[in-house]
Amino acid sequence: MKRFSGLILIGALAVTVAACGGGGSGGQGGAAAGGGDGKIVMGFSQVGAESGWRTANTKSVQEAAAKAGIELKFSDAQQKQENQIKAIRSFIQQRVDVIAFSPVVESGWDPVLVEAKNAKIPVILTDRAVDSKDTSLYKTFLGSDFVEEGKKAGQWLVEEYKDSTETVNIVELQGTTGSAPANDRKAGFAEVIQADPKFKIIASQTGDFTRAKGKEVMEAFLKSNPDIDVLYAHNDDMGLGAIEAIEGAGKVPGKDIKIITVDAVKDGMQALADGKINFIVECSPLLGPQLMDLAKKVVAGEQVPARVVTEETTFTQEQAKQVLSSRQY
Ligand code: AHR
């Protein structure tokens, strides 16, 4: 097995390449390079570093790979699908044993996934799904049920306003346009609240899962809608940015405007414990250990479940106070 040391820059991509050539047992038993030191080589294409969740997810994957003795070729796509496609092609060229990636958006993956399949390199989807009809293009999908997360957010809202007959004006900060968590969290939430016409989504726009964009879009919402009752943000970071905008507008987050977010990262949980957020739906980023287990099985040619759903909970303000000190991320 050939080895290069140092960094190879592929186009504008920050793809860190520590070695060339697969080192493990040969992917699907076909053309992927085997032998060498026997270490499994995983090419991992991450979405980016847009949120606290993402940072925790990257750490989990990197630490779990080191612990499992899997050599990780890590690539940061900076929230761009074209970068992920380039990274996956690069992993195929390097003949890694397994490719894992967290697709920035749901559609447009079939051609590159067909290339991986033709090269007999198994693919694992982690965190986010693709909308490919051909499910043979990947071995398994490990991650949260985002529709369920949206439903949990909606259920809290319905319960919170169960005794009210007045209209509840909701603004929504969506995640990255076209991404599975944005699509599904929106759909799950809408499905639950539509049962009662008093709930009205008066504005809904993407904040790209970032704090800066969350603040910017919330400022615009506040300018054009004087009567906002509730903010539903698809992640903590956008919610935290929005809190700055709400405070800047002289309103009290958590009171004048009730806030529901998703993730439960430490900063979000702190804001929940402080009363600035009202409810958080957990989305766990700690996918690394399960991902490495699945990768070992897939490379060994073992059967794995087509779908592995992450276990998650929800947090009220009181619950946040109790668990804050023990949060891992
Ligand atoms: O795909 C998971 C989502 O991506 C997280 O909820 C969000 O914070 C991240 O950027």
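Reader: Hi! At what angle do α6 and α7 pack, and how far apart are their axes?

Author: Helix α6 (residues 211-224) and helix α7 (residues 236-248) pack at about 45 degrees, and their axes are 7 Å apart. That makes α6 oblique to α7. Before we go on: this is a predicted model, where local features need pLDDT of at least 70, side-chain atom pairs count only at pLDDT 80 or more, and totals for chains, interfaces and linings use all residues. Residues are numbered from 1 along each chain as its sequence is written, and side-chain values use heavy atoms, with hydrogens and water left out.

Reader: OK, what counts as a helix, an axis and oblique here?

Author: Helices (H or I, at least four residues) and strands (E, at least two) are DSSP runs, numbered from the N terminus. Axes are lines fitted to C-alpha atoms, for helices over the stretch in contact, and angles run from 0 to 180 degrees between N-to-C directions. Under 35 degrees is roughly parallel, over 145 roughly antiparallel, 65 to 115 roughly perpendicular, and the rest oblique.

Reader: Is the crossing of α6 and α7 left-handed or right-handed?

Author: The crossing of α6 and α7 is right-handed. A crossing is right-handed if the near helix is turned clockwise from the far one by less than a right angle, and left-handed if anticlockwise.

Reader: Which residues make the contact?

Author: From α6 there are Arg211, Gly214, Lys215, Met218, Glu219 and Leu222, and from α7 Asp237, Met238, Leu240, Gly241, Ala242, Glu244, Ala245 and Ile246. Contact means heavy atoms within 4.5 Å. By class, the residues are seven nonpolar, two polar and five charged. Ala, Val, Leu, Ile, Met, Phe, Trp, Tyr, Cys and Pro count as nonpolar, Asp, Glu, Lys and Arg as charged, and the others, Gly among them, as polar.

Reader: And how do α7 and α8 cross?

Author: The axes of α7 and helix α8 (residues 266-273) come within 9 Å and cross at roughly 50 degrees. That makes α7 oblique to α8, and their crossing is left-handed. Asp236, Leu240 and Ile243 of α7 meet Asp267, Gly268 and Ala271 of α8. Three of these residues are nonpolar, one is polar and two are charged.

Reader: New topic. How much space lies in the largest pocket?

Author: About 200 Å³. On a 1 Å grid over the protein atoms alone, a pocket is an open set of points with protein on both sides within 12 Å along at least five of seven lines, while a cavity is a set where a 1.4 Å probe fits but cannot get out; lining residues have an atom within 4 Å of a point. Grid points are joined across faces, edges and corners, and a volume is the space filled by probe spheres set on the points.

Reader: What lines that pocket?

Author: Ser60, Glu63, Ala64, Lys67, Ala68, Leu286, Pro289, Met292, Asp293 and Gln328. α1 (52-68) gives the most, with five residues, and α9 (288-299) supplies at least two.

Reader: How do α1 and α9 pack?

Author: They pack at about 45 degrees with axes 8 Å apart, and are therefore oblique to each other. α1 passes α9 in a right-handed crossing.

Reader: How many cavities of 30 Å³ or more are there?

Author: Two. The largest cavity has a volume of about 90 Å³. Its lining has 13 residues, with Trp53, Arg54, Arg128, Arg185 and Phe209 nearest the centre.
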